Amino acid sequence: MTLRIEQVQGRIRLSGELRFGHLDQVKTEIERCQSPIVLDLEELALVDLEGVRFLNACEAKGVSILHCPPYIREWMLQERDRLNEHPER
C-alpha cells in the first residue's frame, strides 16, 4: 500500500501508509497550504518510526492532527517521552 495525499475541506488527508520515503511529499504539501495547517489521519493505516517523529515535529510547529488512530497517537506520545528522557538522541 502507498500513501495518498488529498486536500479536502482545508485539510491534508493522509491515507494508507506513512513511511520515511513519503515524508518529502507530505512536507511539500504542507508548504503549499495556508495556515492553519491540519493533517487528517483518519484513513492512515500504517506508520513507521520516522513517520511518528515527523508527526511529532509537525505538532511542535503548530500543525493540528485530527482523527489520529489510537496506536499512532500512543506511539507519538511514547516517542516524545523517550526524547524528553534522553534529549541527546
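Hi everyone! A search of this whole structure turns up nine salt bridges. Keep in mind that we are looking at a predicted model. Let me walk you through a few of these contacts.

We can start with Glu 50, which forms a salt bridge with Arg 53; their closest N and O atoms are 3.3 Å apart. How are these two placed in helix H2? They are three residues apart in that helix, which covers residues 49–60, so about one helical turn separates them. As for the surface, Glu 50 has 31% relative accessibility and counts as partly exposed. Arg 53 is also partly exposed, at 32%.

Now stay with Arg 53, please. Arg 53 forms a salt bridge with Glu 79 too, and here the closest N and O atoms are 2.8 Å apart. Arg 53 sits in helix H2 while Glu 79 sits in helix H3, residues 70–85, so this pair ties together parts that are 26 residues apart in sequence. Is Glu 79 buried or exposed? Glu 79 is buried, with a relative accessible area of 5%.

On to another pair. Arg 80 and Glu 59 form a salt bridge, with the closest N and O atoms 2.5 Å apart. Arg 80 belongs to helix H3 and Glu 59 to helix H2, so the pair ties together parts 21 residues apart in sequence. Arg 80 is partly exposed, with a relative accessible area of 28%, and Glu 59 is partly exposed at 25%.

Finally, which residues join into one network? Through salt bridges that share partners, Glu 50, Arg 53, Glu 79 and Arg 82 are linked together.

Note on methods:
Residues numbered from 1 in each chain as written. Predicted model: local features only at pLDDT ≥ 70, side-chain atom pairs only at ≥ 80, totals over all residues. Heavy atoms only, no water. Salt bridge = Lys/Arg side-chain N within 4 Å of Asp/Glu carboxyl O. Helix = DSSP H or I, 4+ residues; strand = E, 2+ residues; numbered from the N terminus. Buried < 20%, exposed > 50% of the residue type's maximum accessible area, 1.4 Å probe, protein only.
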